[in-house]
Amino acid sequence: MEEERIDDLGINGYRIIQKKNSFCFGMDAVLLSDFASVRPGGKVLDLGTGTGIIPILMEAKTSGSSFTGLEIQPAMAEMASRSVRLNHLEEKVKIVEGDIRDASTIFSAESFDVITSNPPYMIDNHGLTNPKESKAIARHEIKCKFSDISKAAKRLLKYRGVLYLVHRSFRLAEILNQLSEDGIEPKRIRFVHPYQDRESNIFLLEAVKGGRSRMIVEPPLIVYKDVNQYTDEIYRIYRMNSKE
């Protein structure tokens, strides 16, 4: 279709359809898919799936039995569904059009082992809102707030089910408080830094429904070791080979 492109994901021969002038997946989604884990046979839900990148990558990297992506934007959900068909994953990956705020009526209670989310990072007073609606919805809390994601996870995760998310570091305190309030206890966190001497701009978090209050802080993940040169770990995550 017009303005669309097909990108190689570098794993299992999988590809993904994206629109040049719409929201395209970024490094955050790739890092989250690497950070998250699923036990054999586990059922996974991705809240706000966008292009469908996280369910597709999670299917490639884990032994889960089913992967569902929930997306509110009809055009984005339709495009994600075509990516699923492009990779012949219809038996394992499903894209559902719907609102995160209605997730508990779309899906059965306590029906997922794992929930992932790369949600909108910005609230109204943070940053400029993109004039293109699809990008604005993906980046700003226009259609859902983080509390909506937390409450959906509370209802849809099985007891001891796991929520994995990536978010902006400046919102950490608010997010930890919300999760604890909803009975989803943060258990593991990793801060991501653009360079070794820069402050963290995003974090990866694992939280367990019904878990006890104790959290592991993992070593930081550094993205660049020099200008335009990824660290060895980023190359590993992207299934690349370092040029050194």
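**Entry 1: the parallel strands**

I started with a β-α-β unit: E3, helix H2 (residues 53-61) and E4 make one, and it is right-handed. The model is a predicted one, and I read it as such. Next I followed the chain out of E4. It passes through helix H3 (residues 74-86) to E5, and this β-α-β crossover is right-handed.

I then checked the pairing. Strand E3 (residues 43-47) runs parallel to E4, with five bridges joining them. Val44 stands opposite Phe67 of E4. On to strand E5 (residues 93-97): E4 pairs with E5 over five bridges, in the parallel sense. I looked up two bridge partners in E5. Gly69 has Ile95, and Glu71 has Glu97.

**Entry 2: burial of E4**

How many of the residues of strand E4 (residues 66-71) are buried? I found six of the six, so the strand is largely enclosed by the rest of the structure.

**Entry 3: helix H7**

I moved to helix H7 (residues 172-181). Which of its residues are buried? I listed Leu172, Ile175, Leu176, Gln178 and Leu179. They cover an arc of only 165 degrees around the axis, which puts them on the same side of H7. I then turned to the other side of H7. There Ala173, Asn177 and Glu181 are exposed.

What covers the buried residues of H7? I found that the cover includes helix H6 (146-156) and strand E7 (157-168). It also includes strand E8 (184-193) and strand E9 (202-209). I checked the backbone after the helix too. Gly183 follows H7, and its phi is positive, near 75 degrees.

**Entry 4: aromatic rings**

I counted aromatic pairs and got seven in the structure. One of them is Tyr224 with Tyr230. This pair is stacked, with 5.2 Å centre to centre and 25 degrees between the planes. The cut-off for stacked is under 30 degrees between planes.

Is Tyr224 buried, partly exposed or exposed? Its relative accessibility is 27%, so I logged Tyr224 as partly exposed. I also looked for a wider grouping. Tyr195, Tyr224, Tyr230, Tyr235 and Tyr238 form one aromatic cluster.

**Entry 5: whole-chain numbers**

The chain holds eight helices and 13 strands. Of its 244 residues, 52% are buried. The accessible surface comes to about 12,100 Å². Carbon and sulfur atoms hold 47% of that surface.

Definitions and conventions
Residues are numbered from 1 along each chain as its sequence is written. This is a predicted model: local features need pLDDT of at least 70, side-chain atom pairs count only at pLDDT 80 or more; totals for chains, interfaces and linings use all residues. Side-chain values use heavy atoms; hydrogens and water are left out. Helices (H or I, at least four residues) and strands (E, at least two) are DSSP runs, numbered from the N terminus. Buried means under 20% relative accessible area, exposed over 50%, partly exposed in between (1.4 Å probe, protein chains only). Accessible areas come from the Shrake-Rupley method with a 1.4 Å probe; for residues, only the protein chains shown count as cover. The arc is that of the directions from the helix axis to the C-beta atoms. Contact means heavy atoms within 4.5 Å. Two strands pair if DSSP finds at least two bridges between them. A crossover is right-handed if, with the strands pointing away from the viewer, the path from the first strand over the helix to the second runs clockwise. Rings of Phe, Tyr and Trp (its six-membered ring) pair if their centres lie within 6.5 Å; planes under 30 degrees apart count as stacked, over 60 as edge-to-face and the rest as tilted.
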